[in-house]
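Morning, everyone. I have a few minutes on one structure, so please look at the screen.

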Amino acid sequence: MNETLTQKILAAVEYGFEEQIAFTEDLIRFASLRGAEKPAQAFVHKALEKRGYAVETFAIDIDKIHDHPGFSPVTVDYSDAVNVVATHEPREQKGRTLILNGHMDVVPEGPHEMWEASPPFEPRRVGDWLYGRGGGDMKAGIAANIFALDALARIGLQPAARVHVQSVVEEECTGNGALACLIEGYTADAAIIPEPEDEKLVRANCGVLWFEVHVSGHPVHVREAGTGANAIEASFRVIDSLKRMTEDWNAEKANYPYFADLDHPINFNVGKIEGGDWASTVAAWCKLHCRIAIFPGDDPKTRADQIEAHLARELADDPFLGNRPPEITWNGFFARGYVLEEGSDAEKGLTDAHRRATSSELESFVTPGYLDARVFVIYAGMPCLVYGPITENIHGFDERVSLSSILRVTGAIALFIADWCGVEPIDPEAAHG
Ligand code: ZN
């Protein structure tokens, strides 16, 4: 791509930037927690339709996806879990096709009093930072995808290849949203997901398993506590046991390319705990909501079996749990990790676009958390570039995303699109004029 076009595109991104950030703020105002994404998705649907794309909104249909190897088990109702996909068709298919993907779901914001910069769903700009739950993870990315295309339109150009803009749900819990899009038939020659990755490219990441451990006890009055088994206390022994297993798994890291150098790639988390009924009654039940990572290449089923076998073995001699083994249910992420193979044309394109937009070299790195890119890479054989803005405190309090970084990333995405898809004039007459 010549320097003049590069500068024109970057200037067009900058010209639309205020509008882009206002749009991002609009997205943050939607508390699009799991199961509540629909209004935000309707907003995006409208915004894409207004731009002239063919737009489809569809609910995830479990019947269509549950036999796919990438499916994660769920018990929640999916009738409100809707994906939005916009499609641009060129007049003449000359370049390579592309998917620009982002997820609309955000993780729970926690107690509001712990947000100091501003309430979680009231976006606020302070210096270079934009605050708000989901701003970085990843509403800034959804907006960047849309406004990168807008920048081309602003200078009279459009991609000379089919492009899908996807806004999906369920990224933070199952990955079933992106999977449902693939099963609907949406594929392309490459995909970009502008997740909050500090302007770096994700080379590889972990898969994730979610599971619940149900510990049940025998309720008695506390004065006879010696005879009753306290399920809450017993659950501590389950947690300790799972932590020991986590260390065993981390010790395997040398077997996995890209992971040997990470300090602690496999992290186990108890993210939620419920249990008991009454302060003076020995707790009869306790439920742990757990998350653990697995290495790319690992089969979720094999690792799930290992967890069950590990607990059965370690708790066999436990005075209480030995008789009443905890029950494990798989409810959420059951997802593989992936590796983005080096040397793809898509990566070369992004390396070049990043250099031109930021005047710096693109670095790649390895992340220990789930990404929807596994759907594209593993199940569609597509290069998927996870690359997005600088952020802080995602999943925490005072989540914030860097405005100047959003600008650079949007520029890089716009340049990537122009190079990967090629461009054609929106109005062919104007091209001859
Ligand atoms: Zn994310």
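Which strands does H11 lie across, and at what angle does H11 run to E18? The strands are E4, E5 and E18, and the angle to E18 is about 55°. Before going further: this is a predicted model.

Now the sheet itself. E4, E5, E18 and E17, in that order, make up an open sheet of four strands, and the pairing is antiparallel. At the edges are E4, residues 124-126, and E17, residues 391-392, each of which pairs on one side only. Inside that order, E5 (residues 129-131) and E18 (residues 400-402) run antiparallel and are joined by three bridges. For a point of reference on screen, find Trp129, which stands opposite Ser402 in E18.

H9 itself spans residues 345-358, which is 14 residues. From first C-alpha to last, H9 reaches 20 Å, close to the 20 Å expected at 1.5 Å a residue.

How many residues of H9 are buried? Ten of the 14, so H9 is largely enclosed by the rest of the structure. Buried here means under 20% relative accessible area. The buried residues include Glu347, His354 and Arg356, along with Leu350 and Ala353.

Last item: just after H9, Ser359 takes a positive phi of about 55°. That is what I had.

How values were computed
Residues are numbered from 1 along each chain as its sequence is written. This is a predicted model: local features need pLDDT of at least 70, side-chain atom pairs count only at pLDDT 80 or more; totals for chains, interfaces and linings use all residues. Side-chain values use heavy atoms; hydrogens and water are left out. Helices (H or I, at least four residues) and strands (E, at least two) are DSSP runs, numbered from the N terminus. The expected span of a helix is 1.5 Å times one less than its number of residues. Buried means under 20% relative accessible area, exposed over 50%, partly exposed in between (1.4 Å probe, protein chains only). Two strands pair if DSSP finds at least two bridges between them. Contact means heavy atoms within 4.5 Å. Axes are lines fitted to C-alpha atoms, for helices over the stretch in contact, and angles run from 0 to 180 degrees between N-to-C directions.
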